Amino acid sequence: MDRKSFLRAASSPKKEENLAIIAPPPNGGLGEYKGAWTENEVIHLLKRTMFGAKKADIDYFKTRTFLQSVDEILNPTVALPDPPVKEYITPTNTTNSDANIVQGAPWILDPNTDGTVNFLRRQSFKKWWMGVMVGQDRSILEKMTLFWHNHFATETNVISNAQFIYKHHLLLRSSALGNFKALTKAVTIDPAMLVYLNGEDNSNKAPDENYGRELQELFCCGKGPDSLYTEEDVRASAQVLTGWRNDALNISSKFVESRHDITNKKFSAFYSNTVIQGQTGPNGGEKELDAMLDMIFATQEVAKYLCRRIYRWFVYYDIDDVVESTIITPMADIFRANNYEVKPVLNALLKSEHFFDILAKGCQIKSPVDLVVGLVREFDVSFPPVSDYNSYYGFCNFLVSATANLQQSIGDPPDVSGWKAYYQAPQFYEIWITSDTLPKRNQFTDTMIQNGYTFSGKKMVIDAAAFILQLPNPGDPNKLIDDLLKIIYRIDISAASKTQLKVDILLGGQSSDYYWTDAWNTYLTNPGNTSNTNTVKNRLRDLFRYFMNLSEYQLA
Amino acid sequence: MMKRRDFLRNTIPAGVVIPSLVGGFSFKAFSADSAIMQSLLLPVTETDHVFVIIQLNGGNDGLNMVVPIENFNNYVNARQNIYIPENRVLPLNGKAGLHPAMNGLHQLYKEGQLKVVQSVGYPQPSYSHFRATDIWMSASDSNKEVNTGWAGRYLNYEYPNYPNGYPNATMTDPLAIQIGSSTSLTLQGPAVSMGMSISNTSNFYNLINGIQDPAPATPAGKELTYIRTIASQTQQYATVIKDAALKTVQQVSYPTNNSLGDQLKIVARLIKGGLKTRIYMVNYGGFDTHSAQVNTTDTTSGSHAKLLQNVSDAIKAFQDDLKFLGVDDRVLGMTFSEFGRRIKSNGSMGTDHGSAAPLFVFGKSVMGGVLGETPIIPSNATVNDNLPFQYDFRSIYATVLSNWLCVNEADLQQIMLKNFQMLPLVNAGGCQKPINMSGELLISNYPNPFSGSTVISFKTDGGHTLVQIMDASGKVIANLTDKEYTAGTYSVVFESGLLPAGVYYARLQNMATQQVRAMIKVK
């Protein structure tokens, strides 16, 4: 990977000047939240830990206690999803056709070296992943899987081999709520990562420092003021990591002793001047790797760095001295005390008074994936079953391209640093919103509420009438707007605005609420009355479109 | 990354209490200097005519607005508790008179700038606000569903490539502007809304004065402010509207506490400011006068009188302003309401939903006077009696399109979905012009009109591409193609088979891009 472009970008932060608001960061420490557990808190928890707050999920967690709810969010029970299938048509001119795989059958066990086939499979993988996110269970699993993808960022178009990509993804997914240190070890010798950061080229004769550097700078220690690893440490870590090669046929990596540097590796004072003894034998590489990870994870900085990343993923980007000392430091203590198990840290954060502080609500700008998947889930947009793989993947493809269009291409972050929104000071999340992407966000939401997306004769579109049927009192235009906004917004709009929208849109300029109530009731009792049904649906369409076009909709 | 001007939204939800401007559809527009666009920029003969639509929400009581003098006794008999005394009405042609609160319009009438069209309606009227409004806006038959608006279809005919490639050198401005939170069905085109809206008058002034809505002093408020800032930067139409508004420095005074006047004042300001926008739509509510529409002591006063006075004062001030600004040659306006009210008044000093009613067409260019007979009122009107219509409302649209907005005779049917009678409302003058083909043409068909089949050509950027045929109601009739393409231009054939003659639409969907082409099938 060429990191030059990343470094350049990092040195030229752009900041909008006209922000008058001085916003204090959220209050409260890591102590357990003792406040009310109402719809408002449920929605906050759901929007942060899942994609969108689905009405059924809100209702579900309202019947649980606060502690039960967080426990459930943190303990997914869902099995691994079925693997991606061949939904593409293999061209006839490939050097290595996979015509042997029938349409609709998995391709993950079929090795293939053809560039076109791998391209098609990478697309297939992305569509599949999108589908898994859309169909997520009631847990934090998908947000954490994406978190790790952002953290251990790789690009499918660099890795190329679709089987490696899928295997890498399964590693992140299966370890999403597991042990960070174990995951770091697995990622280090993961075939996809060995390709992406040139680990497979790293040998005693020609050391390649790429992975050794990122292991410290991006994956473990970060670039904080207390992260004091040196260039010598980068070189030494590269020596430790020599000898790993890929085995495409078996979709795995292997240690090649003859390529391993067996000299002793000396590290700096940051690592207590540790010397890792050169090891011989078939397990030499792994022994040295273990020793090096023990050394790295013995520093105080690793836990702090990862806790900052978790904080920016789930709470807010602004980490000032107070947040550092009252949130990050105790989180890091928990992390170390639990031998780098991720779950206890998330448990402390998500149950904290800080997480539920009024100032912590609504301050995330939705990532493109949050916007796109959140919209589909929140409005319960109907999706064909996986068994109808042609339509299913077609719909997923539209969503993948929508997120990519908004500058978050799953599987292909901009570089090894992941998406800028999670590290680039001072703008962070605001980087998602530009004069290029904001109109595209509106275009996406407009499409989803208006014409929808048609593929293979099936249409994916928000059914606003079905959505409001879930609300307690959709026949009352005031309550309808209140209840809708409670779910889709985190910042309320003024009563005057609501009244105007009610009159202009739901009442069509009439002054009496009765006219909406009457139309809605007629729709319920006589949906076959097409003119009334159109009236209801068109008004809801306009109302939803309007709300999704307001800036408030971009917050979570 | 694409340049900022490559994108355009016709919604402007920037930094005010609620979005100052919102619109039908946000879309991607291609740079005006792209090669394909340059090749499509054709010289356009501009008609500078503007049409202003005033919607009176709620169902205006036409019988108390244009009082029948000819059948006065029957009128009094039907409306004993609310009738307007004969000696108080403002005389028109001796057969009918205006409500005494409408001095301003009476003045325009005397100057030949007001046309009163009697008994406008349509067969099998609907008495539902929503449905009747949709009928008026879509110009459909009352038993047919049409999901596009008549002005939207006109603008789609006038600017067939919109929104792809807009704004551009030949059309820098919104095609239509509405004041209200959402663009109405009137402005809905076959694919996208052809208009944009300014949610209310105070937001208009916030926009041109750069006033930002306060956001809470919280992290969420900080991010909200940031997004609003970017939003305001992406609203190109906000800039042209603001620029146009700032060019008009002086206007005549408008009546105070009159929201219709406030809206029309903005319209006059934008017209004078040079916007090429063709259609403006404003609305004024409160006409659903089921009870207490008059004061018991004096039936010429009360809530309905106040509404009519405001309408009259607002339109009069607007006409005066247009004249003062020197643009009155360019502007024609009309009022409409979704229905009139029942002949017989009810026991609560009000009137229930009715059918046909008079409407006004106004402007320097109208052929003034009263069109049509004074409605005949039965001698003993019952609650079941309604006024029959004399003129189909679509005749008024068709006349305006043909004689004011200069639509070619041959294309009129495509917009209006069938043929309608022309009325003596306005003289045709200086019309005939080519269609504005600026923007990017993505889908077209030949021949058009067609009888059996027509070849549809479309341009895709690659990826999944869909071409479907819809009828006038928006129902999908056929998907002609629905698959992956590499970028390029392709064609498919539409075999219309036994489908009836009429208007059909070919819709292209290529990932986030779409465009719709109107086609007409003839026998």
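Biologist: In what order do the 3 strands of the open sheet in chain B lie?

Modeller: In this predicted model, 3 strands of chain B form an open sheet with antiparallel pairing. β16 (443-446) and β20 (488-495) stand at the edges, each with a single partner strand, so one side of each has no neighbour in the sheet. Neighbouring strands are turned by 25 degrees against each other on average, direction ignored. The order is β16-β17-β20.

Biologist: Which residue of β20(B) is the bridge partner of B:Ser453?

Modeller: Strand β17 of chain B covers residues 453-460 and pairs with β20(B) in the antiparallel sense over 8 bridges. In β20(B), the bridge partner of B:Ser453 is B:Glu495.

Biologist: Which residue in the turn between β18(B) and β19(B) has a positive phi?

Modeller: Strands β18 (residues 463-471) and β19 (residues 476-485) of chain B pair in the antiparallel sense over 8 bridges. One of the bridges joins B:Ile469 to B:Ala478 in β19(B). The two strands form a hairpin with 4 residues between them, and the turn residue with a positive phi, of about 95 degrees, is B:Gly474.

Biologist: Which element gives the largest share of the side of chain A that touches chain B?

Modeller: The contact takes 67 residues from chain A and 60 residues from chain B. On the side of chain A, the elements that each supply at least two residues include α18 (389-405), β5 (453-455) and α24 (530-549). The largest share, 8 residues, comes from α24(A).

Biologist: How many residues of that side of chain A are charged?

Modeller: By class, the side of chain A that touches chain B has 25 nonpolar and 32 polar residues. The charged residues there number 10.

Key:
Residues numbered from 1 in each chain as written. Chains lettered and ligands numbered in written order. Predicted model: local features only at pLDDT ≥ 70, side-chain atom pairs only at ≥ 80, totals over all residues. Pairing = 2+ DSSP bridges. Axes fitted to C-alpha atoms, helices over the stretch in contact; angles between N-to-C directions. Contact = placed C-beta atoms within 7 Å. Nonpolar A, V, L, I, M, F, W, Y, C, P; charged D, E, K, R; others polar.
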